[in-house]
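Open the model in your viewer and keep the selection panel at hand. The tour visits a pocket, then the ligand, then a cavity.

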Amino acid sequence: MKTNRILIVGGGTAGITVAARLRHADSRLEITLLEPSDRHFYQPLWTLVGAGLADKNDTVRPEAEFIPRGVTWIRAAAVAFDPSAKTVTDSNGSLHSYDQLVVCPGIKLDWDAVPGLRASLGKDGVCSNYSFETVDSTRRAIEEFQGGTAIFTMPNTAVKCGGAPQKILYLAEDAIRRRGLRERSKFLYIAPGASIFGVDHYRPALEKIIAQRGIETLFRHHLTGVNGPRREIEVTHVETGDRRTIAYDLLHVTPPMTAPDVIRQSPLADKNGWVEVEKFTLQHMRYPDVFALGDASNLPTGRTGAAIRKQAPVLVANLLAYRAGSPLSARYNGYTSCPIVTRRGRMMLAEFDYDGRPCETFPFNQAKERFSMWILKKYILPRLYWHGMLRGRA
Ligand SMILES: Cc1cc2nc3c(=O)[nH]c(=O)nc-3n(C[C@H](O)[C@H](O)[C@H](O)COP(=O)(O)OP(=O)(O)OC[C@H]3O[C@@H](n4cnc5c(N)ncnc54)[C@H](O)[C@@H]3O)c2cc1C
């Protein structure tokens with residue numbers, strides 16, 4: 001058995017950011033990262049890729065470029081956690097022991113939870129921005145759309161980036177309008193919630209956009225079946241269970257999501273399958289040498305990279321304090337952000353905390369669509385990600 005002082009499971013947004021920050025804090029730390037993928041993705045740009053406004057190749061880089069110097073990368077997945085024994089087993093069959101564990105393997109896309117969805121993805125007008133493999137299908141579906149009914153769905157589960165299902169709705173509507181096809185098209189947004197956005201401060205502005213642009217909504221419903229060859233979907237009311245069939249010409253699906261199986265089946269999980277951490281300190285509720293952040297954690301806030309940017313320094317400070325036997329004094333306030341692209345060249349930057357209180361970066365009304373925020377989304381945030389956040393600097 002090999003002893004790793006700090007073991008990080010998952011080398012996505014959260015894992016790399018934490019590894020880099022830990023190295024900066026103390027270069028003597030022995031850090032091992034378990035990550036099976038040799039590619040690292042900047043997922044927020046997939047929204048623009050799907051709309052044909054960014055290049056897919058700009059969203060992927062070799063994972064090796066971002067492993068901080070001195071961190072040992074094991075190209076394998078965690079397959080079992082034994083927090084009582086302080087060990088993790090990887091997919092090569094190796095057992096790793098640790099002093100502290102950071103858990104961040106992301107969220108699982110559950111394409112099979114909707115009957116017919118997987119078989120239709122990428123054809124029959126069905127597309128999704130939610131994976132690198134499928135994001136081009138959105139661009140193609142929008143290009144091939146010649147009018148008719150375009151439907152955009154949000155699942156009845158936790159999701160990463162709760163705004164992304166509606167961002168592509170706005171961008172597709174804008175693209176179709178620019179092509180002169182808007183008059184013969186209907187845009188329908190289907191979501192399980194009761195309104196377009198859960199945070200009061202931004203909701204009226206989005207409701208106004210929807211009304212002005214003639215976008216229809218069907219709330220309290222979610223997608224429960226896809227019949228690609230017939231170009232029909234089944235949707236179900238979240239409370240009554242009533243089902244109905246709707247015909248479509250273009251269907252953008254945000255798939256249902258769950259915690260990764262390896263977490264759900266481990267002692268680290270809460271009753272819903274997510275890593276159970278204290279929401280201010282990010283320390284595990286039952287295993288004090290375990291910390292978690294990002295999409296796999298049960299932090300009750302929007303799952304975004306922006307949230308991780310604020311979680312990572314708190315986790316690192318508290319993990320180091322724990323090692324030193326000091327009180328855990330760093331606090332995460334639930335900050336998350338949702339850059340809502342509303343059309344080509346316009347964006348609204350929603351930023352809020354656990355209580356839905358706005359935590360805005362800029363000294364102007366961020367509930368307004370702005371060109372400057374579009375520049376932030378398209379050009380500044382990707383650079384900040386690759387060169388700042390993943391290097392532990394931003
Ligand atoms: C279409 C779309 C639009 C988005 N837009 C935005 C946005 O505008 N702004 C924003 O801030 N966020 C946005 N996000 C969300 C953001 O990308 C995620 O919240 C963020 O990447 C989550 O980071 P993470 O480290 O928790 O998971 P990920 O970055 O997904 O990384 C998880 C890593 O764990 C690895 N892994 C999986 N299983 C195991 C295992 N068993 N053992 C070891 N490693 C494992 C994976 O290979 C992966 O590298 C968007 C996401 C999507 C899909």
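Start with strand E20, which gives three residues to the lining of the second largest pocket, the largest share. Strands here are DSSP runs of E with at least two residues, helices are runs of H or I with at least four, and both are numbered from the N terminus. This is a predicted model: local features need pLDDT of at least 70, side-chain atom pairs need 80 or more, and totals for chains, interfaces and linings use all residues. Residues count from 1 along each chain as its sequence is written, and side-chain values use heavy atoms, without hydrogens and water.

**Stop 1: the second largest pocket**

Select E20 (336-343) and E12 (185-191); each supplies at least two lining residues. A pocket is an open set of points on a 1 Å grid over the protein atoms alone, with protein on both sides within 12 Å along at least five of seven lines; lining residues have an atom within 4 Å of a point. The space here is about 550 Å³, a volume filled by probe spheres set on points joined across faces, edges and corners. Of its 30 lining residues, Met154, Gly162, Gly163, Gly198 and Gly302 are closest to the centre. Now colour domain 1 (2-107 + 259-334) and domain 2 (110-257): both give residues to the lining, so the pocket lies between them. Those bounds come from an automatic or database domain assignment.

**Stop 2: the ligand**

- Glutamate 35: 2.6 Å.
- Aspartate 295: 2.9 Å.
- Glutamine 43: 3.1 Å.

The protein covers 89% of the 1000 Å² of accessible area that the ligand has on its own (Shrake-Rupley method, 1.4 Å probe).

**Stop 3: the cavity**

The whole structure holds one cavity of 30 Å³ or more. In a cavity, a 1.4 Å probe fits but cannot get out. Select its lining, including Gly294, Asp295, Arg303 and Gln311.

Definitions and conventions
Polar contact = N/O pair within 3.5 Å; in protein donor to acceptor, adjacent residues only side chain to side chain.
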